[in-house]
Amino acid sequence: MTYSRILIICLSVASLTSAKAQHFALSRLFYPNVTLKADYNVPSSMNGTNDYGVSRTGFFGIIPVQSEVQLGYSLRKKFDLRAVHTVVLAQYTQIQPTIDGKNDPENGYKTLSLGVIRLQASIKDRLWVYGGGLGMTETNETFFSPQPFFWGGAARMHILGLRTQIMYGSVLAYNQKLRFVPVFGINKGLGKHWRASALLPFMANVNYKATKWFNVDMLAGLNGYSGGFQVQTPEEKSLRRENYRHIKVGVAANAHLFTVLNVSLEAGVTTFRQLRTFNSARENLTSYTPATTPYIGASVRYITSRSRLSSKFTRRMGLGEAGINW
């Protein structure tokens, strides 16, 4: 494998981020950004008697901490060219469930999480993505006695030409119990304006690039939360856990403005919904299947390639483009 091949690999990964190859979530790791987002699910029947609704607001930030190209020399007297890019992921989300229009829990759930993602490409080891993180989702009453969650995983990426990449690996996650999740990703250009992307079993997306500043996503994704709350009776205070999940199917319109802003409006439905509560012994107390319901969402993402670390990496890899359109 030649040194030019490793640059082709990095350039191919870069095609995930450039204006010529739209929209795959991993692509956004090449550039620091801060995203403000909100979404609202219309309340729908939970059990034939009560209506359940949920809304979210929050921010997500990506902070680059390492971006460089390294030249090494092994004991076998062979050179190795390696490019690495490491970012820190920080997130805060306010989740507010409602039952019959009333907040339940009263102050909702707060999610705080911190993670690290590392992309590494080399002549010797090819291209890998590593990651890990931890966090918690709690109410005001349980915030100082949290049940944390964590995850970690690795994936191998293969380059099948400049327009196609596949990725496979696994994630180990803990949230009340340990789970092993195999993952498979694909990013495929379909003509001049279309691109299909998926990171299964979490999301799938088809993007249509109408102009340099406007594109449309047709998307489906798995989402939810697992939050701790407290039930108070005259005798005692009891800790409970609420788990909610759904699959969302929708359409998002994205406009790239003023070089560094991406504004997105999204609408669709959430379906295959499930709401459960557990006690501290993890025994199931209630189980509901809220009806399919419409949702709307909006986000504003501030992105920039002016960071010294990211700019150094993108310049050396030939990724730097002004006015990146996501």
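**A walk through the strands, cores and salt bridges**

Arg282 is partly exposed, at 48% relative accessibility. By the cut-offs used here, buried means under 20% relative accessible area, exposed means over 50%, and partly exposed lies in between (1.4 Å probe, protein chains only). This is a predicted model: local features need pLDDT of at least 70, side-chain atom pairs count only at pLDDT 80 or more, and totals for chains, interfaces and linings use all residues. Residues are numbered from 1 along each chain as its sequence is written, and side-chain values use heavy atoms, with hydrogens and water left out.

Stay with Arg282. The residue sits in the loop between strand 14 and strand 15 (284-288). Strands are DSSP runs (E, at least two residues), numbered from the N terminus. The backbone at Arg282 has a phi near 65 degrees, a positive value in a residue other than glycine. Phe272 also has a positive phi, near 50 degrees, and is likewise not a glycine. Phe272 lies within strand 14. Its side of the story is one of exposure: the relative accessible area of Phe272 is 66%, which counts as exposed.

Together with Phe202, Leu222, Ile247, Val249 and Val269, Phe272 makes a nonpolar surface patch of about 520 Å². Patch residues have over 30% relative accessible area and no salt bridge; nonpolar side chains (Val, Leu, Ile, Met, Phe, Trp, Tyr) are joined within 5 Å, like charges within 9 Å. Areas follow the Shrake-Rupley method with a 1.4 Å probe, and for residues only the protein chains shown count as cover. Strand 13 (237-257) and strand 14 are the elements that give two or more residues to this patch. Ile247 belongs to strand 13. Ile247 is partly exposed, at 31% relative accessibility.

Strand 14 (residues 261-279) also holds Arg276. Arg276 is partly exposed, with a relative accessible area of 30%. On the surface, Arg276 gathers with Lys177, Arg179 and Arg245 in a patch of positive charge. Lys and Arg count as positive, Asp and Glu as negative; His and the chain ends are not counted. Each charge is placed at NZ of Lys, CZ of Arg, CG of Asp or CD of Glu.

Now go inside. Which residues make up the largest nonpolar core? The 12 residues are Ile62, Val87, Leu89, Ile117, Leu119, Ala121, Leu127, Val129, Ala155, Met157, Ile159 and Met167. At least two residues of this core come from each of strand 3 (79-99), strand 5 (109-122), strand 6 (126-138) and strand 7 (149-159). Another core, of nine residues, lies apart from it; Tyr52, Tyr109, Tyr225 and Leu275 are among its members. A nonpolar core here is a set of buried Ala, Val, Leu, Ile, Met, Phe, Trp, Tyr and Cys residues joined through side-chain atoms within 4.5 Å. In soluble globular proteins, nonpolar side chains tend to be buried together.

Tyr109 deserves a stop. The residue is in strand 5. Tyr109 counts as buried, at 0% relative accessibility. Tyr109 and Arg56 are 53 residues apart in sequence, with 9.6 Å between their C-alpha atoms.

How many salt bridges does a search of the whole structure find? There are two. The criterion is a side-chain nitrogen of Lys or Arg within 4 Å of a carboxyl oxygen of Asp or Glu. One joins Arg241 to Glu138, at 3.1 Å from N to O. The pair links distant parts of the chain: Arg241 is in strand 13 and Glu138 in strand 6, 103 residues apart. Arg241 and Glu138 are both buried. In the other bridge, Lys248 meets Glu266, with the closest N and O atoms 2.9 Å apart. Lys248 lies in strand 13 and Glu266 in strand 14, so this pair ties together parts that are 18 residues apart in sequence. Lys248 is buried, and Glu266 is buried too.

Thr259 lies in the loop between strand 13 and strand 14. Thr259 is partly exposed, at 43% relative accessibility. Its C-alpha is 9.3 Å from that of Trp213, 46 residues apart along the chain.

Where do cis peptide bonds occur? One runs from Asp104 to Pro105, with omega near 0 degrees. Pro105 is in the loop between strand 4 (102-103) and strand 5. The bond from Leu200 to Pro201 is also cis, with omega near 10 degrees. Pro201 lies in the loop between strand 10 (194-200) and strand 11 (203-209).

Methods:
Helix = DSSP H or I, 4+ residues; strand = E, 2+ residues; numbered from the N terminus.
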